[in-house]
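The following questions and answers examine one protein model. Please consult the sequence and the structure shown here while reading.

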Amino acid sequence: MSGAKCVHVVRDGRATVASLYDASRKYADWGRRYCTLEACIDQWNRDMRVTRKYQSDSRHIIVSYHDAVVAPDAMAARVFEFLGLPAVDRIMDMRLGTID
């Protein structure tokens with residue numbers, strides 16, 4: 001996959017840790033992997049090390065989950081441009097059937 005590109009979506013560490021911990025309590029099939037806050041924090045730190053490893057790689061882009069929530073159009077436009085896709089509004093028009 002030499003032409004592959006990767007989009008890293010990074011969420012606030014506190015929210016991620018809380019979510020992992022909560023999910024481990026709610027869903028038995030998650031097992032006990034995230035049974036402690038320390039395990040959740042360790043996972044966040046491992047994931048962030050991987051993300052940082054690729055931050056200078058032109059085949060990777062790092063976007064904020066918060067930005068996707070606060071300004072989804074701007075974030076989507078940035079990702080679409082990175083991926084070499086048509087503008088977001090054109091995609092939406094095609095999806096809605098307003099253009100050919």
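**Aromatic rings and the fold**

Q: How many aromatic pairs does a search of the whole structure find?
A: Rings of Phe, Tyr and Trp (its six-membered ring) pair if their centres lie within 6.5 Å, with planes under 30 degrees apart counted as stacked, over 60 as edge-to-face and the rest as tilted. By this criterion, the number of aromatic pairs found across the whole structure is 0.

Q: On what kind of model and numbering do these values rest?
A: Residues are numbered from 1 along each chain as its sequence is written, and side-chain values use heavy atoms, leaving out hydrogens and water. Local features need pLDDT of at least 70, side-chain atom pairs count only at pLDDT 80 or more, and totals for chains, interfaces and linings use all residues, the model being a predicted one.

Q: Which residue lies over the face of Tyr65?
A: A charge sits over a ring if NZ of Lys or CZ of Arg is within 6 Å of the ring centre and within 35 degrees of the ring normal. Lys5 meets this over Phe82, at 4.9 Å from the ring centre. Over the face of Tyr65, at 5.5 Å from the ring centre, lies Arg11.

Q: In what order do the elements of the protein chain run from the N terminus?
A: Helices (H or I, at least four residues) and strands (E, at least two) are DSSP runs, numbered from the N terminus. The protein chain has 5 helices and 2 strands. Their order is β-α-α-β-α-α-α.

Q: Is Gly13 buried or exposed?
A: Gly13 belongs to helix H1 (residues 13-26). Buried means under 20% relative accessible area, exposed over 50%, and partly exposed in between (1.4 Å probe, protein chains only). Because its relative accessible area is 16%, Gly13 is buried.

Q: What do the buried residues of H2 pack against?
A: Helix H2 covers residues 37-53. Its buried residues are Ala39, Cys40, Gln43, Trp44, Met48 and Thr51. Contact here means heavy atoms within 4.5 Å. The packing partners are strand S1 (6-10), H1 and strand S2 (60-64).

Q: Which residues are in contact with Thr51, leaving aside its neighbours within four places in sequence?
A: Thr51 is found in helix H2. Its relative accessible area is 9%, so Thr51 is buried. With neighbours within four places in sequence set aside, its contacts are His8, Val10 and Ile62.

Q: What percentage of the residues in the protein chain is buried?
A: The protein chain has 100 residues. Buried residues make up 24%.

Technical notes
Expected span 1.5 Å × (residues − 1).
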